[in-house]
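Notebook open. I want to look up a few residues and the contacts around them. The structure goes in here.

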Amino acid sequence: MRLDNRRRSDNIVDRRSSSGKAIGIGGGILGAIVVAVITLLSGGDLSQVAGNAMQALGGGEGVERRAATSAPDAEEQQLYELSSKVLAGTEDVWTRIFEQEGWGEYTAPKMVIYSGQIQTGCGQGTSQVGPFYCSADRTVYLDLDFFKTMQQQIGASGDFCYAYVIAHEVGHHVQNLLGTLDAAHRKMNSVSEQEANQISVRLELQADFYAGVWGHTDNDMFGSIEEGDIEEAVNAASKIGDDYLQKKAYGYEMPESFNHGRSEWRVRWLTKGLQSGDPADGDTFSIAYSRL
């Protein structure tokens, strides 16, 4: 991904020195990463997500926390700069799209880079839940170690892969600004758990689509996509589907518990956004669930 000479966002906040570093020393790394990746790109209830992650780590037993005092290494600093430039790109892209669509002025989210754990408007966040968007404070939260974990545990890596992760979370912010997120959450509170999970899937797939729209438009504006970039993002999407992760963790899938969607669905909507670039093509709520 071409990011040379791109501006950095003024909306990124570095909280690594003031957050606590969480080190898992028991409870099973596979369970932790599966929960983390399942909750990757999540727009749901942070307190519930964090609780599920801690349960996968043995209810919090065997987890030590210490202050993050060491300086970031060169790789982490590169990831920080990439995140800042990608966030700036989402600001430029969605500002243009909101103007073109007549949606009013685009208000960009903050992005907090933290280490281990952080207090948010949605409750206590931990690195185990992966990157997340909190609608209460309109902020994306990201522990940069998660990118390393993606590479090590599921073989998903590359600058455009990481950009997809950030753009997806910003996609939830777009849903928040348009009222989609709030309407979906209200509906989820009035239906069965299985129906609520299906609404969650629709939200996640639309955020995947919006990430694709960002990639398409960012490339139009800045010529940012290089050979192999789209394959990086598609590879990541194929490995964070509920079916893939459940089979990896348990050996079988549980479709009634899906809350992010099948791998093929995630790839389909991300690819559709990349090809179309038109946010009007991303209605995941009017389609029959079986045809997503």
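Is F209 buried or exposed? I looked up its relative accessibility: 0%, so F209 counts as buried. My cut-offs are under 20% relative accessible area for buried, over 50% for exposed, and partly exposed in between, with a 1.4 Å probe and protein chains only.

Ground rules. This is a predicted model, in which local features need pLDDT of at least 70 and side-chain atom pairs count only at pLDDT 80 or more, while totals for chains, interfaces and linings use all residues. Residues are numbered from 1 along each chain as its sequence is written, and side-chain values use heavy atoms, with hydrogens and water left out.

Whole chain. I noted ten helices and eight strands. These are DSSP runs numbered from the N terminus: helices are H or I of at least four residues, strands are E of at least two. The chain has 292 residues, and 52% of them are buried. For contacts between residues at least 6 apart in sequence, 78% join residues at least 24 apart. Contact here means heavy atoms within 4.5 Å. The accessible surface is about 12,400 Å², with 44% belonging to carbon and sulfur atoms. That area comes from the Shrake-Rupley method with a 1.4 Å probe; for residues, only the protein chains shown count as cover.

Rings. I searched the whole structure and found eleven aromatic pairs. One is F209 with Y210: the ring centres are 6.1 Å apart and the planes at 55 degrees, so I log the pair as tilted. The rule takes rings of Phe, Tyr and Trp (its six-membered ring) with centres within 6.5 Å; planes under 30 degrees apart are stacked, over 60 edge-to-face, the rest tilted. Y210 is buried too, at 5% relative accessibility. Ring pairs link F209 and Y210 with W94, F98, W103, Y106 and W269 into a cluster.

I also checked R6. Its charged end sits over the ring of F222, 3.8 Å from the centre. The test is NZ of Lys or CZ of Arg within 6 Å of the ring centre and within 35 degrees of the ring normal.

H173. This residue is in helix α5, residues 159-178. H173 counts as buried because its relative accessibility is 0%. What does its side chain reach at 2.6 Å? The backbone oxygen of T107. Leaving out neighbours within four places in sequence, H173 is in contact with Y106, T107, A108, P109, Y133 and R138.

Most residues other than glycine have a negative phi. R138 is partly exposed, at 38% relative accessible area. N5 also has a positive phi, about 65 degrees, and is not a glycine. N5 is in the segment before β1 (12-14) and is exposed at 82%.

L181. I placed it in helix α6, residues 180-188. At 2% relative accessibility, L181 is buried. Its C-alpha lies 7.4 Å from that of L203, 22 residues away along the chain. Beyond four places in sequence, L181 touches L203, Y133, S135, H172, Q175 and N176.

β5 (117-120) and β6 (123-126) run antiparallel and are joined by four bridges. Strands pair if DSSP finds at least two bridges between them. Q117 has T126 of β6 as its bridge partner.

Key
Polar contact = N/O pair within 3.5 Å; in protein donor to acceptor, adjacent residues only side chain to side chain.
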